[in-house]
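Me: Hi! Could you walk me through this one with me asking as we go?

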Amino acid sequence: MIRVTLETLVMGNIPGASVLILRPIASEAEHNMVLPICIGPVEAAAIAKALSREKSTRPMTHSLLGTVMGTLGGKLQRIVISKVQGTVFYASLHIKQADTVYKIDARPSDAVALAVRLKVPMYVSENVMETAGFPAWVNVKQLQDEVEIEEFHDFVEHLSPGDFVLDDGGKKEA
C-alpha cells in the first residue's frame with residue numbers, strides 16, 4: 001500500500017467531470033506517480049467543502065456519517081483505494097469498533113471526503129497506482145538532471161590522455 005495525500009481537486013462544470021489527484025506522501029518518494037480519479041461535480045463539491053473547513057448549519061452527508069460512526073463506537077482508521085476496473089475505482093473504509101476492523105465498500109470520492117473531514121490516512125494499492133497512475137511530471141526535470149549527472153560522471157571516469165590530442169593534421173601554429 002502507498003500512502004497518499006490529496007494534491008489537487010479540479011472542479012468541473014455541471015455536467016462535466018471533476019478530477020481529484022492523489023500523490024504519494026514524501027516518505028513514499030520512490031513512487032513517482034500521481035493517481036487521477038474522475039468524480040462527479042457534486043462529490044467534488046463535498047470534498048471542496050471539507051477542504052475549506054467551512055462549517056454548515058446542518059450536518060452534511062459525510063459529516064453525518066462520521067458522527068454516526070463515532071456515536072456507535074467506531075473510528076475510521078484509514079481509507080484504501082484497492083482496485084480499478086476500466087475507469088471504475090473501488091475503495092473501502094476501514095472502521096475499527098472495539099477489537100474488530102470492518103472494511104466497508106465505498107466510492108473513492110466518498111472515502112476521500114470522509115478522510116479529509118476526519119483527518120485519517122489515505123492509501124492506494126500498488127497495483128492501482130501501476131495500472132491507473134501517471135508519471136508525476138513535476139519530477140521529470142529532477143530525474144533528467146540526475147541522468148545527465150550520471151552520464152557526465154561516466155564520461156569523466158573514462159577519460160584518457162589520448163582524448164586531449166589536437167586534431168590539426170599534426171601542424172602546430174607558431
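What follows is a chat about strands, salt bridges and surface patches.

Me: Before we start, what kind of model is this?
Reply: It's a predicted model.

Me: Okay, strands. How many bridges join E1 to E2, and do they run parallel or antiparallel?
Reply: Strand E1 (residues 2-10) and E2 run antiparallel, joined by 6 bridges. Leu6 stands opposite Leu22 in E2.

Me: And which sense does E2 take with E3?
Reply: Antiparallel, with 5 bridges between E2 and strand E3 (residues 33-39). Across that pairing, Ile21 faces Pro36 in E3.

Me: Why is E2 described as largely enclosed?
Reply: Because 6 of the 7 residues of strand E2 (residues 18-24) are buried, the rest of the structure largely encloses it.

Me: Nice. Which residue does Arg23 form a salt bridge with?
Reply: Its partner is Glu7, with the closest N and O atoms 2.1 Å apart. Arg23 lies in strand E2 and Glu7 in strand E1, so the pair ties together parts that are 16 residues apart in sequence.

Me: Is Arg23 buried or exposed?
Reply: Arg23 is buried, at a relative accessible area of 17%. Glu7 counts as partly exposed, at 37% relative accessibility.

Me: How many salt bridges are there in total?
Reply: The count comes to 3. Glu43, Arg107 and Asp110 are linked in a network: Glu43 meets Arg107 at 3.0 Å, N to O, and Arg107 meets Asp110 at 2.9 Å.

Me: How accessible are Glu43 and Arg107?
Reply: Glu43 counts as buried at 18% relative accessibility, while Arg107 is partly exposed with a relative accessible area of 44%.

Me: Switching topic: how do E4 and E5 pair?
Reply: Strand E4 (residues 74-85) and strand E5 (residues 88-97) are antiparallel over 10 bridges, and Lys83 has Tyr90 in E5 as its bridge partner. The two form a hairpin with 2 residues between them, and Gly86 in the turn has a positive phi of about 65°.

Me: What about E4 and E7?
Reply: Those run parallel, with 3 bridges joining E4 to strand E7 (residues 122-124). Val80 has Tyr123 in E7 as its bridge partner.

Me: Last one, the surface. Which residues form the negative patch?
Reply: Glu146, Glu148, Glu150, Glu151, Asp154 and Glu157. Glu146 lies in helix H5 (residues 140-157) and is partly exposed, with a relative accessible area of 42%.

Me: And which residues make up the nonpolar patch?
Reply: Phe152, Phe155, Val156, Leu159 and Phe164, with about 530 Å² of accessible area together. Phe155 is placed in helix H5.

Note on methods: Residues are numbered from 1 along each chain as its sequence is written. This is a predicted model: local features need pLDDT of at least 70, side-chain atom pairs count only at pLDDT 80 or more; totals for chains, interfaces and linings use all residues. Side-chain values use heavy atoms; hydrogens and water are left out. Patches are made of residues with over 30% relative accessible area and no salt bridge: like charges are joined within 9 Å, nonpolar side chains (Val, Leu, Ile, Met, Phe, Trp, Tyr) within 5 Å. Accessible areas come from the Shrake-Rupley method with a 1.4 Å probe; for residues, only the protein chains shown count as cover. A salt bridge is a side-chain nitrogen of Lys or Arg within 4 Å of a carboxyl oxygen of Asp or Glu. Lys and Arg count as positive and Asp and Glu as negative; His and the chain ends are not counted. The place of a charge is taken as NZ of Lys, CZ of Arg, CG of Asp or CD of Glu. Helices (H or I, at least four residues) and strands (E, at least two) are DSSP runs, numbered from the N terminus. Buried means under 20% relative accessible area, exposed over 50%, partly exposed in between (1.4 Å probe, protein chains only). Two strands pair if DSSP finds at least two bridges between them.
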